[in-house]
Amino acid sequence: MSEPLADLRVAVLGVGLMGSYHAQALATRVKGVTVTVINDFFEPKAQEVAAAIPGARVVTDPIEAINAEDVDAVVIATPGKAHEDQVRACLQRGIPVLCEKPLTTDIASAYQLVQDELATGRTLIQVGFMRRFDAEYVQLRELIASGGLGNPLIVHCTHRNPDVPPHFDSEMMIRDSVVHEVDAVRFLLDEEITAVSVLKPTPTSSAPAGFHDPMIVILETESGRIATDEIFVRTGVAYEVRTEVVGEKGTATIGLDQNLIRTGTDGRWGGQISPGFVQRFDGAYHTELQRWADAARRGTVDGPGAWDGYAAVAVCEAGAEAVRTGQRVEVAMAKRS
Ligand SMILES: NC(=O)c1ccc[n+]([C@@H]2O[C@H](COP(=O)([O-])OP(=O)(O)OC[C@H]3O[C@@H](n4cnc5c(N)ncnc54)[C@H](O)[C@@H]3O)[C@@H](O)[C@H]2O)c1
Ligand SMILES: O[C@H]1[C@H](O)[C@@H](O)[C@H](O)[C@@H](O)[C@H]1O
């Protein structure tokens with residue numbers, strides 16, 4: 001492996017909600033990074049984001065951006081359907097990539113990326129499962145691993161968004177939202193998920209016709225544990241992500257306070273819950289980006305990789321089928337090579 005780079009030159013692809021946040025964070029808060037290239041299909045957006053980052057320029061074609069001379073590593077925050085080609089281009093160039101979840105939107109392409117990375121003989125793909133960098137999730141995993149809860153039997157997850165764009169249908173709720181709990185459960189329990197069932201209660205009146213919001217997703221693991229996930233993305237309330245683990249010797253819950261600021265006025269007390277994922281997981285995104293950048297300067301990555309991305313896609317594929325059919329669906333996953 002070559003000498004670490006002095007300053008990692010990064011291209012950010014897709015600068016909508018998440019990508020513009022990552023680009024700003026990389027440019028202003030992450031050490032050892034220069035954002036050199038910004039790309040977005042919607043060029044005015046790319047221009048606006050680049051204008052706020054000294055030294056950044058716009059490259060209009062995503063593959064050209066990946067192959068630009070002044071780019072050592074890439075952050076991909078385009079929609080899931082665009083990820084496959086862009087991640088593959090990073091592998092072909094042999095540079096580290098942090099790709100937002102989901103790795104891809106179908107199991108075959110996700111598996112192909114696992115194989116493509118293996119063929120490079122290097123570890124270049126990191127997937128944006130930022131909860132693995134959240135202090136509470138890390139503590140919960142350590143508690144479980146240390147035996148503090150005894151054998152963990154059940155995981156209860158709650159994932160509520162105040163709102164989502166109008167096109168966010170039941171399948172996207174699985175592939176874009178539940179994918180976080182799929183990874184969190186794999187991270188906490190250290191085993192694969194083998195089957196998925198989905199219950200569809202009466203939808204909220206703000207859900208478009210035919211959309212199942214909320215849903216209860218039930219994940220079964222290879223050792224027989226169960227995780228439940230309430231996914232509800234149009235609550236109109238706030239961003240609420242909680243996880244409770246029930247073990248043989250005790251229980252542990254994270255996310256209760258949701259970065260709550262408690263206020264007292266007029267003889268009443270109250271507070272504000274994190275309005276969105278950026279506020280709730282700001283620290284996690286920052287740690288994720290810093291560790292990724294530090295590793296990328298050495299030509300590798302440091303976080304959930306291609307296999308984690310593939311496993312999550314495989315579980316979500318089963319989840320999407322469970323939504324469509326109402327059946328319990330077994331996860332079709334290859335053996336890890
Ligand atoms: N980890 C998290 O918590 C988190 C949070 C939000 C979004 N995300 C992920 O980030 C990605 C982007 O989500 P978002 O909410 O920012 O979406 P968004 O729609 O706000 O932004 C996507 C941007 O990508 C651009 N784009 C679309 N196709 C492109 C292509 N082929 N090449 C270049 N640019 C393209 C669009 O013009 C848009 O500006 C998704 O994969 C999403 O799942 C992750
Ligand atoms: O893309 C977003 C993002 O991944 C958030 O972290 C999640 O809470 C949302 O449900 C999802 O829509």
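Which residues are around ligand 2? They are Asn-161, Val-164, Asp-176, Ser-177, His-180, Val-233 and Phe-277. This is a predicted model. The domain assignment of the chain gives two parts: domain 1 covers 8–131 + 283–304, and domain 2 covers 132–280 + 314–330. The chain holds an open sheet of six strands with parallel pairing and an open sheet of seven strands with mixed pairing.

**Ligand surroundings**

- Helix α7 (residues 170–189) supplies the largest share of the shell around ligand 2, with three residues.
- Sorted by class, the shell of ligand 2 holds three nonpolar, three polar and one charged residues.
- Ligand 1 is surrounded by 24 residues, and the closest are Gly-14, Gly-16, Met-18, Ala-82 and Glu-100.
- Helix α1 (residues 17–28) gives the most to the shell of ligand 1, contributing three residues.
- The shell around ligand 1 is made up of twelve nonpolar, seven polar and five charged residues.

**Six-stranded sheet**

- The strand order is β3-β2-β1-β4-β5-β6.
- β3 (57–58) and β6 (125–127) are at the edges, and each has a single partner strand, so one side of each has no neighbour in the sheet.
- Three bridges link strand β5 (residues 97–99) to β6 in the parallel sense, and Val-97 stands opposite Ile-125 in β6.
- Helix α9 lies across β1 (8–13), β2 (33–39), β4 (73–76), β5 and β6, and runs at about 125° to β1.

**Seven-stranded sheet**

- The strands follow the order β12-β11-β7-β10-β9-β8-β15.
- β12 (251–254) and β15 (329–330) are the edge strands, each pairing on one side only.
- β7 and β11 are antiparallel and share eight bridges; Val-155 has Val-245 in β11 as its bridge partner.
- β11 and β12 also run antiparallel, joined by four bridges, and Val-245 stands opposite Ala-252 in β12.
- Three residues lie between β11 and β12, which form a hairpin.
- Strand β8 (residues 193–199) runs antiparallel to strand β9 (residues 215–221), with six bridges between them; the partner of Ala-195 in β9 is Glu-220.
- Helix α6 (residues 135–145) lies across β7 (152–160), β11 (240–247) and β12, and its direction is at about 165° to β12.
- Helix α10 (residues 306–325) lies across β8, β9 and β15, at about 30° to β8.

**Packing of α4 and α5**

- Helix α4 (residues 83–93) packs with helix α5 (residues 107–120) at an angle of about 5°, and their axes are 10 Å apart.
- Because of that angle, α4 counts as roughly parallel to α5.
- On the α4 side the contact is made by Glu-84, Val-87, Arg-88 and Leu-91, and on the α5 side by Ser-109, Leu-113, Asp-116, Glu-117 and Thr-120.
- These contact residues divide into three nonpolar, two polar and four charged.

**Contact between the domains**

- The C-alpha centres of domain 1 and domain 2 are 26 Å apart.
- Domain 1 puts 16 residues into the contact and domain 2 puts in 15 residues.
- Helix α9 (residues 282–296) gives the most to the side of domain 1 that touches domain 2, with four residues.
- That side of domain 1 has seven nonpolar, five polar and four charged residues.

**Backbone details**

- A cis peptide bond runs from Lys-101 to Pro-102, with omega near -10°; Pro-102 is in the loop between β5 and α5.
- The peptide bond from Asp-213 to Pro-214 is also cis, with omega near 10°, and Pro-214 sits in the loop between β8 and β9.
- Asp-190 is not a glycine, yet has a positive phi of about 60°.
- The loop between α7 and β8 holds Asp-190.

Definitions and conventions
Residues numbered from 1 in each chain as written. Chains lettered and ligands numbered in written order. Predicted model: local features only at pLDDT ≥ 70, side-chain atom pairs only at ≥ 80, totals over all residues. Pairing = 2+ DSSP bridges. Helix = DSSP H or I, 4+ residues; strand = E, 2+ residues; numbered from the N terminus. Contact = placed C-beta atoms within 7 Å. Axes fitted to C-alpha atoms, helices over the stretch in contact; angles between N-to-C directions. Near = placed C-beta within 6 Å. Nonpolar A, V, L, I, M, F, W, Y, C, P; charged D, E, K, R; others polar. Parallel < 35°, antiparallel > 145°, perpendicular 65-115°, else oblique. Domains from an automatic or database assignment.
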